[in-house]
Amino acid sequence: MQDYDFKTHFRLHRSTFDLLLGKINIKLQNQTRPTSRCSPNKMLLITLWILATPESYRSVGCRFGVCKKTVFKVIRRTIDAIYEMASTTIKWPGATEAQNIISANSSTAGFPGVLGAIDGTHIPIRTPQHSSGTYINRKGFHSLQLQVVCQHNLKFTDCYVGQPGSMHDARVFRHSEICTDLQNSTLFFPEDSHLIGDAAYPLSDRLLTPYRDTGNLTRYQVRYNFKLSSTRMSVERAIGILKCRFRRLRFFDSPDLAFISKSVIAACTLHNFCIDENDLHFENSEELSSGGAATINSENNIYNSTVTARAKRDRIARLL
């Protein structure tokens, strides 16, 4: 295949594919005994095809000359290998990188101190066998929640997946590790930096959200909301690129929720890996809405806001 055709089918440039294969080749070689007809190269190609398309396992097996059972084994083992890369590929920025991120976000829309933007999206799934009602989201379909924190360059610095679709974004946030990290200010948020999120998230010193628009906002508050919205567009775009590149995330027809969660993290890992290799250009205007964040614009979401958090938001609003 020409490189363009290769990327169209497998969602990566051939050079990116070769680098990725080099990282997981040994792990796949150690697991090829039950699937001896599949080389590590073929295992990765099958897995990328599965993530890139909604095609059935049986159809993919016919395409690659293996049976459905082999496809099932291959994708699980390859997903495991990619998933193991997550800890080194999706990581919180160090001190020097954090300063670069803050500067880049400030130059984008003039919003100071932004270390990342947080948002959520739904991963549609088939009806679960147990407690299916809890997985029905506000749009009426079954899903798992994916919460991400994103840099200005569209890389994910934190990913959390697995909560049922009916759970509100604020509650998903409370269950995630990043919520605990917010308390470790000096370690994770140098120089009074913070995340930004929409109105579904709770206001705190380290997570700034918009002012509730009741029709009486001051011009400072209106400008603050505009600047915050402009800065956090990066996370919506990142989610759009992720779902456009790996279309399996539009619907997982599997009863194994743990495997779905692991596959989503693997896709996020590949997303970051591609950015590191300058392998972008996979977005579509139809995909740029995350579809996960609740549009609730209620001050009730500031359940744990403090006087200092509100004062910080007011101070930034007057500076913009």
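Guide: Two strands are said to pair if DSSP finds at least two bridges between them. With that in mind, we can look at this model, which is predicted.

Visitor: In what order do the strands of the open sheet lie?

Guide: Strands of a sheet pair through backbone hydrogen bonds, and they may do so either parallel or antiparallel. Here 5 strands form an open sheet in the order β3-β2-β1-β4-β5, with mixed pairing. The edge strands, each pairing on one side only, are β3 (156-164) and β5 (207-208). Strand β2 (residues 143-150) runs antiparallel to β3 and is joined to it by 7 bridges, and V149 stands opposite D158 in β3.

Visitor: Which strands does helix α13 touch where it packs on the sheet?

Guide: Helix α13 (residues 257-276) touches β1 (114-124), β2 and β3, and its direction makes about 165 degrees with that of β3.

Visitor: How many residues are in the largest nonpolar core, and which have the most contacts inside it?

Guide: In soluble globular proteins, nonpolar side chains tend to be buried together. The largest nonpolar core in this model has 73 residues, and those with the most contacts inside it are I46, F111, F156 and Y224. Helix α13 gives the most to this core, with 11 residues. Apart from it lies another core of 16 residues, among them I101, L115, V149 and I178.

Visitor: Is I102 buried or exposed?

Guide: Buried means under 20% relative accessible area, and I102, at 11% relative accessibility, therefore counts as buried. I102 lies in helix α7 (residues 95-109), and, leaving aside its neighbours within four places in sequence, I102 is in contact with G113, V114, L115, P190 and S193.

Visitor: Which side chain meets that of D279 in a salt bridge?

Guide: Side chains of opposite charge can pair when their charged atoms come close. The side chain of D279 meets that of K7 in a salt bridge, at 2.6 Å from N to O. Because D279 lies in the loop between α13 and α14 (307-319) and K7 in helix α1 (residues 3-10), the pair ties together parts that are 272 residues apart in sequence. Both D279 and K7 are buried.

How values were computed. Residues are numbered from 1 along each chain as its sequence is written. This is a predicted model: local features need pLDDT of at least 70, side-chain atom pairs count only at pLDDT 80 or more; totals for chains, interfaces and linings use all residues. Side-chain values use heavy atoms; hydrogens and water are left out. Helices (H or I, at least four residues) and strands (E, at least two) are DSSP runs, numbered from the N terminus. Buried means under 20% relative accessible area, exposed over 50%, partly exposed in between (1.4 Å probe, protein chains only). Contact means heavy atoms within 4.5 Å. Axes are lines fitted to C-alpha atoms, for helices over the stretch in contact, and angles run from 0 to 180 degrees between N-to-C directions. A nonpolar core is a set of buried Ala, Val, Leu, Ile, Met, Phe, Trp, Tyr and Cys residues joined through side-chain atoms within 4.5 Å. A salt bridge is a side-chain nitrogen of Lys or Arg within 4 Å of a carboxyl oxygen of Asp or Glu.
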